[in-house]
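Here is a short briefing on one protein model. Please look over the sequence and the fold before reading on.

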Amino acid sequence: EINNEFIADGIEKCEKKIKECDFTGAVTSARSLLESILKYIYKNIFNEEVINMDLPNLYKKVTKELKLHSTSNLDDSLKKVARGLSASVVGISEVRNMTSDAHGNLEPKYSIEEHHALLVVNAVKTIAQFLFHSYTKQHKNSK
């Protein structure tokens, strides 16, 4: 079950990795946290597991269903923020792929620094909380 405590624990794990100078680990953990939340919401909306979907496409499907994407009936200013979050998800996915040792990548393309890891972790924190709270609000209202 995904809840506020799950998100807080995930962010705490990322921040601990940053304090330990494990910047690639922090990025990998942040991306995994975001993916877990998106998969949870997707499963609850569509009543099916996510199969073979990359993070940006998963984000697009979830935000479309939650009416949070840039073409929804949001105010123009909020649409700009929504486009920024979408671009951030793409960037988070790419940074993780370029810098981590996940999937047997023994030679990451570049080494990430602390301030970059902080940027990724804080972006994931914002996106994760926004998605979860939006989903929770809409889910409660639909009952």
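This is a predicted model: local features need pLDDT of at least 70, side-chain atom pairs count only at pLDDT 80 or more; totals for chains, interfaces and linings use all residues.

Residues are numbered from 1 along each chain as its sequence is written, and side-chain values use heavy atoms, with hydrogens and water left out.

**Overall fold**

- The protein has five helices and zero strands. Helices (H or I, at least four residues) and strands (E, at least two) are DSSP runs, numbered from the N terminus.
- Along the sequence the pattern reads α-α-α-α-α.
- Of the 143 residues in the protein, 39% are buried. Buried means under 20% relative accessible area, exposed over 50%, and partly exposed in between (1.4 Å probe, protein chains only).
- Take the contacts between residues at least 6 apart in sequence: 61% join residues at least 24 apart. A contact means heavy atoms within 4.5 Å.

**Helix α1 against helix α2**

- Two packed helices are described by the angle between their axes and the distance between the axes.
- Helix α1 (residues 4-19) packs on helix α2 (residues 23-46) at an angle of about 165 degrees, with the axes 7 Å apart. That makes α1 roughly antiparallel to α2.
- Axes are lines fitted to C-alpha atoms, for helices over the stretch in contact, and angles run from 0 to 180 degrees between N-to-C directions. Angles under 35 degrees count as roughly parallel, over 145 as roughly antiparallel, 65 to 115 as roughly perpendicular and the rest as oblique.
- The crossing of α1 and α2 is left-handed. The term applies if the near helix is turned anticlockwise from the far one by less than a right angle; clockwise is right-handed.
- From α1, the contact residues are Phe6, Ile7, Gly10, Ile11, Lys13, Cys14, Lys17 and Ile18. From α2, they are Phe23, Gly25, Ala26, Ser29, Ala30, Leu33, Ser36 and Ile37.
- The residues of this α1 and α2 contact comprise ten nonpolar, four polar and two charged. Ala, Val, Leu, Ile, Met, Phe, Trp, Tyr, Cys and Pro count as nonpolar, Asp, Glu, Lys and Arg as charged, and the others, Gly among them, as polar.

**Helix α2 against helix α3**

- The axes of α2 and helix α3 (residues 55-65) come within 10 Å and cross at roughly 45 degrees. The two helices are therefore oblique to each other.
- This crossing of α2 and α3 is also left-handed.
- On the α2 side, the contact includes Arg31, Leu34, Glu35, Leu38 and Phe46. On the α3 side, Leu55, Leu58, Tyr59 and Glu65 are among the partners.
- The α2 and α3 contact has ten nonpolar, no polar and five charged residues.

**Loop residues**

- Ile112 sits in the loop between α4 (76-99) and α5 (114-142). Ile112 is buried, with a relative accessible area of 5%.
- Ile112 and Val27 are 85 residues apart in sequence, and their C-alpha atoms are 8.9 Å apart.
- Cys21 is in the loop between α1 and α2. Cys21 is not a glycine, yet has a positive phi of about 65 degrees. Cys21 is exposed, at 56% relative accessible area.
- Lys67 is in the loop between α3 and α4. Phi of Lys67 is positive, near 60 degrees. Lys67 is exposed, at 59% relative accessible area.
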